[in-house]
Amino acid sequence: MITPDLFAELLTRAIATAVIVVGITITVERVGPAIGGALGGLPIVIGPGFYFLIQEQSTTFTISAATSSLIALTASQAFLIGYVAIARRSQAAIVIASLCWLLAALILADVPQSPWIGLVLFLTATGTARFVANRFQRPYTRTHARGGLTALLARGVAAGLLVAFVTVAAEKLGPVSAGFLMTYPIAMTVIAITVHQRSGADVVIATLRSIMYGIGSLAAFTFTLAVTLVPFGSVWTFVASLVAGVAVTFSLTLRSARLI
């Protein structure tokens with residue numbers, strides 16, 4: 001049964017996802033992939049999920065879910081590598097990317113539930129992903145994006161509905177599965193497909209390469225939540241986690257702006 005709180009969470013996450021997908025796609029087209037990708041890691045999607053999780057679940061459950069989400073971000077890097085590697089060969093690169101995520105997630109499911117281990121894994125995966133992505137990056141020129149705004153909005157809404165579905169499924173599972181599902185790259189899936197179709201392979205590769213650093217914001221959010229929930233309590237932990245995530249995005253955006 002969908003309670004008022006759960007409905008509010010579903011609506012918030014669906015709207016947030018749609019806004020992120022549309023906003024980042026337009027940012028990539030107007031400003032460039034570097035800043036657009038940096039903004040891709042804002043914890044707008046998982047933030048509401050963990051806000052409600054803190055309110056409704058035990059401290060142990062929430063810490064385990066946050067740790068699992070942090071570990072699962074390594075699988076997100078595998079997703080990004082898979083898409084980048086195939087992007088120039090086919091617009092069906094999403095299939096390979098999704099398989100890469102699934103394989104990585106199955107392996108990572110057995111990793112010990114430690115936020116410190118999760119952080120080390122994520123940092124290692126991020127460095128590796130960027131190294132691999134550098135081999136596929138080429139100079140790009142901004143061109144007028146193909147496709148109308150209506151199709152873009154439709155994809156954003158579809159991504160939001162998918163996030164809502166995943167949230168309902170996560171509510172019925174344990175903390176590990178819930179944590180992995182919360183960070184499944186739904187928004188990145190729609191962003192990758194949309195940018196690829198509207199702006200081409202070179203631009204989508206540059207965008208996803210930037211997102212590899214951008215999701216460091218999600219790592220900061222989940223790591224802070226996992227290690228501070230017990231000593232700080234729910235309210236201050238959530239605030240600290242948001243600040244940590246936004247700080248990473250802000251610093252990456254500034255860095256990208258200076259390099260343009």
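View 1. When residues up to four places away in sequence are not counted, Thr 228 touches Gly 233 and Thr 237, contact meaning heavy atoms within 4.5 Å. Residues are numbered from 1 along each chain as its sequence is written, and side-chain values use heavy atoms, with hydrogens and water left out. Because the model is predicted, local features need pLDDT of at least 70 and side-chain atom pairs count only at pLDDT 80 or more, whereas totals for chains, interfaces and linings use all residues.

**View 2. The aromatic pair of Phe 50 and Phe 221.** A search of the whole structure finds five aromatic pairs, a pair being rings of Phe, Tyr or Trp (its six-membered ring) whose centres lie within 6.5 Å, with planes under 30 degrees apart counted as stacked, over 60 as edge-to-face and the rest as tilted. The ring centres of Phe 50 and Phe 221 are 6.1 Å apart and their planes stand at 55°, so this pair is tilted. Since Phe 50 belongs to helix H3 (residues 46-56) and Phe 221 to helix H11 (residues 216-232), the pair ties together parts that are 171 residues apart in sequence. Phe 50 is buried at 0% relative accessibility, and Phe 221 is buried with a relative accessible area of 0%. Phe 50, Tyr 51, Phe 221 and Phe 238 form one aromatic cluster.

**View 3. The aromatic pair of Trp 116 and Phe 223.** Here the ring centres of Trp 116 and Phe 223 lie 4.9 Å apart with their planes at 80°, so the pair is edge-to-face. Distant parts of the chain are linked by this pair, with Trp 116 in helix H6 and Phe 223 in helix H11, 107 residues apart. Trp 116 is exposed, its relative accessible area being 56%, whereas Phe 223 counts as buried at 14%.

**View 4. Packing of helix H4 (residues 59-86) with helix H6 (residues 115-134).** The axes of H4 and H6, which are lines fitted to C-alpha atoms over the stretch in contact, with angles running from 0 to 180 degrees between N-to-C directions, come within 8 Å and cross at roughly 10°. That makes H4 roughly parallel to H6, given that angles under 35 degrees count as roughly parallel, over 145 as roughly antiparallel, 65 to 115 as roughly perpendicular and the rest as oblique. The contact of H4 with H6 has 13 nonpolar, five polar and no charged residues, where Ala, Val, Leu, Ile, Met, Phe, Trp, Tyr, Cys and Pro count as nonpolar, Asp, Glu, Lys and Arg as charged, and the others, Gly among them, as polar.

**View 5. Packing of helix H4 with helix H8 (residues 175-182).** H4 and H8 pack at an angle of about 45° with their axes 7 Å apart, and the two helices are therefore oblique to each other. The contact is made by residues including Phe 61, Ile 71 and Ala 72 of H4 and Pro 175, Val 176 and Phe 180 of H8.

Technical notes:
Helix = DSSP H or I, 4+ residues; strand = E, 2+ residues; numbered from the N terminus. Buried < 20%, exposed > 50% of the residue type's maximum accessible area, 1.4 Å probe, protein only.
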